[in-house]
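User: I'm new to reading protein models and would like a close look at one part of this one. Could you walk me through it slowly, in plain words?

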Amino acid sequence: MVRHTPVTKGKAKRPAVKITVAVLLAVAIAGALWVPIYAHTLPKLGDFPFFYWYQLILVPVTAILCWISYLLLRTKPARQATHGAARDREGVRR
């Protein structure tokens, strides 16, 4: 009789995480490459036509989407900050 190992929760949701990351990054890339979305002069925001302020807003939005993607793909938890000076294994201060 063959025994199957149970699938852990972490491994089971990895494909869903990768698909989510792919969609987030595709939205960021498509927002910049699909020119008909922003190839307009109206509406204006002050003296700036739509093209300029769309591009200026797209930069931080893309950065946030990349940051979210990084957090989703990160496998190790962040190291906790150590208080005081860093020490190696022998206890010597660096």
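Is S69 buried or exposed? And what else is going on along the helix that holds S69?

Analyst: Happy to dig in. Keep in mind that we're looking at a predicted model.

Let's start with your residue. S69 is buried, because its relative accessible area is 4% and the cut-off for buried is under 20%. You'll find S69 in helix 3, which covers residues 50-73. So who does S69 touch? If we skip its neighbours within four places in sequence, S69 is in contact with V21, L24 and L25.

Now zoom out for a second. The protein has three helices and zero strands, and reading along the sequence gives the pattern α-α-α. Buried residues make up 13% of the 94 residues, and S69 is buried. Take the contacts between residues at least 6 apart in sequence: 46% of them join residues at least 24 apart.

Back to helix 3, and to T62, which has its place there. L24, one of the residues that S69 contacts, comes up again here. T62 and L24 are 38 residues apart in sequence, yet C-alpha to C-alpha they are 9.0 Å apart in space. T62 counts as partly exposed, because its relative accessible area is 23%. The side chain of T62 also reaches the backbone oxygen of L58, at 2.8 Å.

Next, the rings. Searching the whole structure turns up five aromatic pairs. One of them is Y38 with Y54: their ring centres are 5.0 Å apart and their planes sit at 15°, so this pair is stacked. Y38 lies in the loop between helix 2 (14-33) and helix 3, while Y54 is in helix 3, so the pair ties together parts that are 16 residues apart in sequence. Are these two tucked away or out in the open? Y38 counts as buried because its relative accessibility is 7%, and Y54 counts as buried too, at 17%.

Then there's F50 with W53. Their ring centres are 4.9 Å apart and their planes are at 90°, so that pair is edge-to-face. Both F50 and W53 lie in helix 3, three residues apart, which is about one turn of the helix. Their accessibility labels go two ways: F50 is buried, with a relative accessible area of 13%, whereas W53 counts as partly exposed at 21%.

Finally, let's look at the surface. I64, W67, I68, Y70, L71, L72 and L73 form a nonpolar patch there, with about 630 Å² of accessible area together. Take I64 as an example: this residue lies in helix 3 and counts as partly exposed because its relative accessibility is 48%.

S69 is buried at 4% and in contact with V21, L24 and L25. I68 and Y70 are among the residues of the nonpolar surface patch. Helix 3 also holds the F50 and W53 pair, as well as Y54, the partner of Y38 from the loop.

Note on methods
Residues are numbered from 1 along each chain as its sequence is written. This is a predicted model: local features need pLDDT of at least 70, side-chain atom pairs count only at pLDDT 80 or more; totals for chains, interfaces and linings use all residues. Side-chain values use heavy atoms; hydrogens and water are left out. Helices (H or I, at least four residues) and strands (E, at least two) are DSSP runs, numbered from the N terminus. Buried means under 20% relative accessible area, exposed over 50%, partly exposed in between (1.4 Å probe, protein chains only). Contact means heavy atoms within 4.5 Å. Rings of Phe, Tyr and Trp (its six-membered ring) pair if their centres lie within 6.5 Å; planes under 30 degrees apart count as stacked, over 60 as edge-to-face and the rest as tilted. Patches are made of residues with over 30% relative accessible area and no salt bridge: like charges are joined within 9 Å, nonpolar side chains (Val, Leu, Ile, Met, Phe, Trp, Tyr) within 5 Å. Accessible areas come from the Shrake-Rupley method with a 1.4 Å probe; for residues, only the protein chains shown count as cover. A salt bridge is a side-chain nitrogen of Lys or Arg within 4 Å of a carboxyl oxygen of Asp or Glu. A polar contact is a pair of N or O atoms within 3.5 Å; within protein, one must be able to donate a hydrogen and the other to accept it, and residues adjacent in sequence count only if both atoms are side-chain atoms.
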